Amino acid sequence: MDILSCNFDTARFLIFSSNAEEPIAYFAHIIPLFLSLLFGFFIFLNNRRGEINFLFLILNLLFSVWVFFDLILWTHEKPEYIMFFWASLFILEYLFFIVAIYLLHFFIYKVSPPLKLKILSLVLFIPILVFSYTSIGLSHYILSDCSRYAYEGVIIYYLYFLETIVFFYMLWLIIRGRKEISDPAIRRQNTLFGFGLLSFVGTFWIGNIVLLFYLDWVIEQYKLLGMVIFLIITVFMIIRFHIFNIKLIGAQIITWIIVILVGIQFLFAEDYFSRFWNIMALFFTIGLGWYLTSSVKKIENQKEQLFFANKNQETIVHFVTHQVKAYLTRSRNIYASLLEGDYGPLSPEIERVSRIGLESDMKGIENVHTILHAADLKTGTVKFIKAKFDLSNLLKKIVEQMRPTIEYRGLTVIQKYQDADFIFEGDEMRIAEVFRNVIDNASRYTNKGEIKISLEKTTKKFIFTVRDTGVGLSKEDMAVLFQQGGRGKESHLTNIDSTGYGLFITKIIAEEHGGSVRAESKGRDQGSVFIVELPV
Amino acid sequence: MLYLNSYNFMKKEDITLIIIFSLASVVTMFFGFDKIMIDKDFLVYMHAPCRIESGNSCFQTESELYHKVYRKAYYVDFCHKTDLCDVFSCKEDEQGCEEIFCSEDLLEEGERCVQI
């Protein structure tokens, strides 16, 4: 047989032709293609500021392009099209495997993967980039029969080897995450999401290995359905755990879209095998849709009740904290009067106890004040009065005010200011609070060593950095650090007075000024770096 | 432009890496497109009908008698559904073209050598 006798159909819009003889080819491609595109954009558009949402979009986009290119191989008749799109699959496949690692890492640990891993992923990518479009990628196109088939070069072994490593690395990340994260709810979420992602990567990887040994292109198509499993698990997690910050009604709409898409595919199923899979998928998605609909109603009711309960709780908390503050103030005044000699001379023992009482009341008042202040910032009742001022002058003043306390703790203060213009428009009093909170936080969690404070300017931002040699931060600490009442797991060992509101306040103030705050640490006892960035 | 959200865990190096990966992929695909689609710089493999005058051994299977030809796609005229063009033989000075006749060490499953 030679090419002259092959009656190929001419592909329209790259993918529409009768060349794909097995209906499973369209079934296996169209559903994952639409679903992943729909999901990727839906989740990203619901929260454009979410890194996980962004990575989810990238993963789905890469996968969709892969699926589209793969469908071209099934439908197109021209050798150059088949060779180009086939070779491009190697690049896309490697990319979405790497993005899957990134996504899992971010989801479980809430931090970026280690730098070594990033560099390694880039280095391992080089052979794929260099050889994909050479005979090492695809050796030759076969014209001797009508298979429209190309013979893959050795790069395929390299790629599948890397995919094997990625699969087991992801498995290891999930297992390690289960050991390291103590919160059972978060652990459950991580495991479920990890399982979803692993089923996507794993199905794909197993599909490739099967193809390598059996050369069965029909069975190979089922590897794409791993993405559908992953998306179904994602929908379940959106409903159950509210991941990606997506509103329930949105998740409800998207689930019914899946049901419709799967239902439509039934019309195109031509053989019993396809119909069987279609019916299974349809039943599964209908079940999921029903579960979601009933959940939405229940959760909406709960939300309403929770709203009123929260309102009441806020009023009670405000009332109680104000009352506590009043009692503490009264008690502080009594101790102060005693110590000032208003009631005559005190015995050394009573004077000692009174001083302890006064100090304790002062701390109590300060803590209540911090909590009330955080609540006011959160509800937006605090007004920011913005004016131009010099950040470096303000920082120098704050450091000089705090220096005695820091040095009293046995720490050295080192300051570094870039020679630049630090005029900033903002609320000077609130920015002073930011500086004070970050420096105070560093000094409280550093038992010995130094606190390095620096102020720099780039073309777009002012960068205020505080680097300490203190107790450092674990990955779990970092996840809660800037949250309301968020404290490190072992913070009470170093700072018993911690309220967990200082950095929360810092974050709100920085964000109100269009800036951000973040922390970095190599881990426990490795020190920390707090970075506040404000726009120029 | 990437945004930082409440997690604040995406670093500058992540953004740099995303840019490097994207650029490297796009540039490679661009060159790949040029090489494969425009220049048609890849090999095609064909079973050429066994030529009687060649005097060489040909491969034989149950349904075919042939010798093997590798040619650069650039030189191959993909003349579907016509029999007016000869895609099976190397032109004079054609680069990368190779005609393989049968020998015992080249036999694959289902093939045998026949002398014409």
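A disulfide, here a pair of cysteine sulfur atoms within 2.5 Å, joins B:C50 to B:C58, with an S to S distance of 1.5 Å. This is a predicted model, in which local features need pLDDT of at least 70 and side-chain atom pairs count only at pLDDT 80 or more, while totals for chains, interfaces and linings use all residues. Residues are numbered from 1 along each chain as its sequence is written, chains are lettered from A and ligands numbered from 1 in the order in which they are written, and side-chain values use heavy atoms, with hydrogens and water left out.

The torsion about the S-S bond of B:C50 and B:C58 is about 75°, and the disulfide is therefore right-handed. Burial is judged by relative accessible area, where buried means under 20%, exposed over 50%, and partly exposed in between (1.4 Å probe, protein chains only). B:C50 counts as buried because its relative accessibility is 16%, and B:C58 is likewise buried, with a relative accessible area of 0%.

Over all chains the structure holds three disulfides. One of them links B:C90 to B:C97, with an S to S distance of 1.8 Å, and this link is left-handed, with -80° about the S-S bond. B:C90 has a relative accessible area of 25% and is partly exposed.

Another disulfide is formed by B:C102 and B:C113, whose sulfur atoms are 1.9 Å apart, and with -75° about the S-S bond this link is left-handed. B:C102 lies in the loop between β4 (98–100) and β5 (112–115) of chain B, whereas B:C113 lies in strand β5 of chain B, so the pair ties together parts that are 11 residues apart in sequence. Strands (E, at least two residues) and helices (H or I, at least four) are DSSP runs, numbered from the N terminus. B:C102 counts as buried at 9% relative accessibility, while B:C113, at 22%, is partly exposed.

In chain A, helix α12 (residues 391–408) has 18 residues and reaches 26 Å from its first C-alpha to its last, close to the expected 26 Å; the expected span is 1.5 Å times one less than the number of residues. Just after α12(A), A:G410 takes a positive phi of about 85°.
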